[in-house]
Amino acid sequence: WGCAGLGVACGANAECCGGFCGDGGVCEVYTGGTPGPTNAPTPKPTNVPTNEPSKNPTSPPTTSKPTNAPTNQPTDGPSNQPSRSPTLRPITPMPTDGPTQQPTNAPSSQPSKSPTAQPISLAPTDSPTHQPTTAPSDQPSKKPTKTPTSQPTDGPTTNPSPIPTKLPTDQPTSSPFNSPTSKPSNSPSLKPTKTLTDAPTSEPTASPTSSPVPGPTSSFPYGNGPFVTLATSSDLVTIPRPPVPSSSGEPRSNCPHTKAGLLSWHDHSTWLSGNVPSTGDDVTLPSNSKVIITRSVTQKLGVITVPSTSELIFDENVVAPITLDIAGMDVRGALRAGSETCRYLTELTITLHGSRPTDLNKYGTSSMAVPTYKGISVNGGIISMHGKQVHPTWSRLSESVPAGQSYLLIQEQVNWKAGQEIVLVTTAIHDSRAVHENEVLTISSIEQTPVPGVGAAIHFTAPAAHAHIANNGYQVEVGLLTRNIKVQGSASDSEPTDPDTGSCTGQWHHGTNFAPCPWKYKTGFGGHIMVHSGGRGYVEGVELHRMGQTNVLGRYPFHFHVLGNNCADCYFKGNSIHQSYYRCISIHGTHGTKVSENVAYDVSGYCYYLEDGVEEDNEISFNLAAHIHPVSNVIANGNGGQTINPFSQSKDLILPADVTASGFYLTNLHNDIFGNAASGGWSGFAMPNLQSPIGVHRDVNMRPGNRLTKILDGNTAHSTGWWWGHAGAFYNGGTLYYSNADATLLEYNAGRDHNRHRSPCLVDKCVTNNDCSGWCSAGEQAWFQLTNSKVFLTASPGLNSWTGRMEVSYFEAHDVALGLEALESGFGIDNFLVECRSGEEWVMPGNMHDVTANGFFWYDTGQEHIITNAKFKNCGARNNDNVYDSSPTRGCDTNSGNGCKSGSSVWSFLTHSDQFTPEIMQATASITYENCGRRFRLYDYANDPISTVSGRNQNWLDTDGSATGLNEPTIIGSGLADAGRWWHVDDDVIEDPEG
């Protein structure tokens, strides 16, 4: 991973593998003892096929359709039996004019195949996904993975697949630290892990599991735990982590600063003029040259041009950091600092200067804001920057951090250093500029494996100001912000000059009314890096600070711009972005690139950004996004309804969708998106519906909103969804479209749009019919797939979708207002855990007990869903009735610390089952409850003339009686007296007194 082995020559600041750089200039070993063994368990088994799709499928990969019926097998967990027999009132049947209508055995309006209860395949193929046909093997096969372990300076000689053979395991088997010594188990896990390990496989494997190995005894009193480990960090799902880089001990190679024939920037003879460039000069490197900067350039220069035949290279200076101050750079040749096999080890800072243009327009363009203006324009050339390798770039807490504590424990070993900055992410419910509990702290020391099961202890120079949570359900993230290569905007001309006054209101949320003051923070103007016109980018281990130019089109901290399939070996990985004024990284009109293991904090606008909707086959993995803000401080602030007034494009909001700025902006799901974490923002993962591409791709014949998922797995979101009760931590909603005839001005509807729908289809109607709006028949329908996802600490739904036909498999929601909101038909939900209240204190403005603790809501239309293997914990209000559970701690009360709204219930209904012929609209199986309060509730929204909203055919088939606790097939209906008293038709009908 870039370190030098023992006895290998090293520089003064070189990092030696397991030792230090001695006085003789070679790596020596420490004599004070060896570090203790790692305490992380070996990976859990994968249960998914590793079929590799073609690079560019000729047809969209098919998505498996649901099986014919939900499973009737209950999962292990709390008994479905009530604590005592339900005190349900028998109902006297009334005479009818004819025979009683018998219910059907399955939902008649369900798709012909209903969701499978088994884990789904993550690797897309040209045929429907399927389960492995062989049992998992404990032995890996000899088939190599497609992920390269190293790449040449300009990128791999062969393009790696953008899709991993398997997703990362909880703990990779190869480690630069120490290997686990625990005895493996032969029992495979039953949960579907998605793994990308160093060891190749072709079969689903059952990797051994083990208990943590005791580590060395620490002299610091860290306590006795219990501590959260990678193996115990989730109740249900498996969240993948990136593989640990292997430590080969090989000496560095292919170092650009040691090549022969280099010309010194600081030598007069290098320059045709005979003079070294001076203050204000625009500089062009000599043609056919490689120019090296070996020390700081003290003059502030204009624009540096690197011709197509030349290279600008940074040397490693072990005496003092290298600094370079410029107005911009035009890279037509190559810009280099280190290489993949020769990581840059000393300090380098490039500072970009320039004031905000005064002629910007509503399209975000300006005559001044050319790509080289306060930016590095990689114009057909190569940017190849490789700072010190950091692993991991972020981790999660092993133990809660109380306010006033000056250290934290994390789950993984790290190679971070004293003096570096970290961000300790909030675990408050609300996160905005005005009210947040994120903390930037400076490391004072690090202790590896301080107690058994813990990766590292990070001590910092000042105590934490706020509490940060870690429990076995969820843990907050800790990210490293510092890198040894830094590209930044100047402090004197980058920061916004129009801050929020802090005195504005908007909509009431949970008893409080405040909002960002709109049309503020419009003037941020940092630096930017743009790879375009056939350029290539290989950037890792770089810190981007004060970057991004608010509402300037294409000027983001890092931007892959319209590279098509020509940058498939490019990457942006292991970097940090903080204090960004416009996004983090944009993948724009580019396919097959990799964005991985980055840390982003304090960002205006969508952070990880698929720009026009055409971007496919990219990998977005293991990234952290935290503390995300709306552009120009304009927020989509909704009330209790399902609609929000549309927002229009303007000079101060060139992308109106930025009113719902979130960590991840996924306009096209045909990408590999896994292992990411989002905190803050309007939502965590925004999946807007684009009926057609936008921008320079507006005439492309495709419908981004209908493209099928490839991999959407192992992602988490928290501390989000505050500004609207339907803004889920995962939000499958919002429509972006052109509002004028010449398709130049965009409009964004953040809420429910009845005129624009998604329809995932196995047949691409844009291609076969040349009509993207063509009807997708029943036999052609597909389902979006979301697997192994977790949400927590949100006063809104864990997931909300205005689009149906979605398979949600392995989904956890903790400390939420509502587990999942499915507002269109065709959801298949399997392995579903909702813990409405975990017992942790909620930190939020307003009244915490105004937030519901609901499990799942059957709405008035589009209820055709199947839910299997679902568990609800601490959901529903604790009221005077105790029909199903008499525990004094059941559900939640209205206390101010972690209570809930008094009307909360596990299951909620919005409509009736009345005089019309009942139709089975939904079905469940294997439902369990743990310490829940009120189980069922009919919401009576419209009292006059009929107490329902719209639909009147609410019927629910409890296939095994586990939802009711009756433990036999049961039909559940709802209605008040004006529904026609249909329940009197049968003397076996019983009434729930709480409903």
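This is a predicted model: local features need pLDDT of at least 70, side-chain atom pairs count only at pLDDT 80 or more; totals for chains, interfaces and linings use all residues.
The structure contains eight disulfides. A disulfide is a covalent bond between the sulfur atoms of two cysteines. One of them joins Cys-255 and Cys-342, with sulfur atoms 2.0 Å apart. The link of Cys-255 and Cys-342 is right-handed, with 100 degrees about the S-S bond. Cys-255 lies in the loop between strands E3 and E4, and Cys-342 in the loop between strands E12 and E13, so the pair ties together parts that are 87 residues apart in sequence. Cys-255 counts as buried at 9% relative accessibility, and Cys-342 counts as buried at 0%.

Cys-584 and Cys-607 form another disulfide, in which the sulfur atoms are 2.0 Å apart. Here the torsion about the S-S bond is about -100 degrees, so the disulfide is left-handed. The pair ties together parts that are 23 residues apart in sequence, because Cys-584 lies in the loop between strands E28 and E29 and Cys-607 in the loop between strands E31 and E32. Both Cys-584 and Cys-607 are buried.

Strands E35, E44 and E43 form an open sheet in the order E35-E44-E43, with antiparallel pairing. The edge strands, E35 (647-648) and E43 (735-738), each pair on one side only. Two bridges join E35 to E44, and Phe-647 stands opposite Tyr-748 in E44.

Gly-995 is found in the segment after strand E56 and counts as partly exposed at 43% relative accessibility. Its contacts include Arg-934, Phe-936 and Leu-938. Gly-995 also touches Arg-937; the C-alpha atoms of these two residues are separated by 4.3 Å, although the residues are 58 apart along the chain.

Technical notes:
Residues are numbered from 1 along each chain as its sequence is written. Side-chain values use heavy atoms; hydrogens and water are left out. Helices (H or I, at least four residues) and strands (E, at least two) are DSSP runs, numbered from the N terminus. Buried means under 20% relative accessible area, exposed over 50%, partly exposed in between (1.4 Å probe, protein chains only). Contact means heavy atoms within 4.5 Å. Two strands pair if DSSP finds at least two bridges between them. A disulfide is a pair of cysteine sulfur atoms within 2.5 Å. Lists of a residue's contacts leave out its neighbours within four places in sequence.
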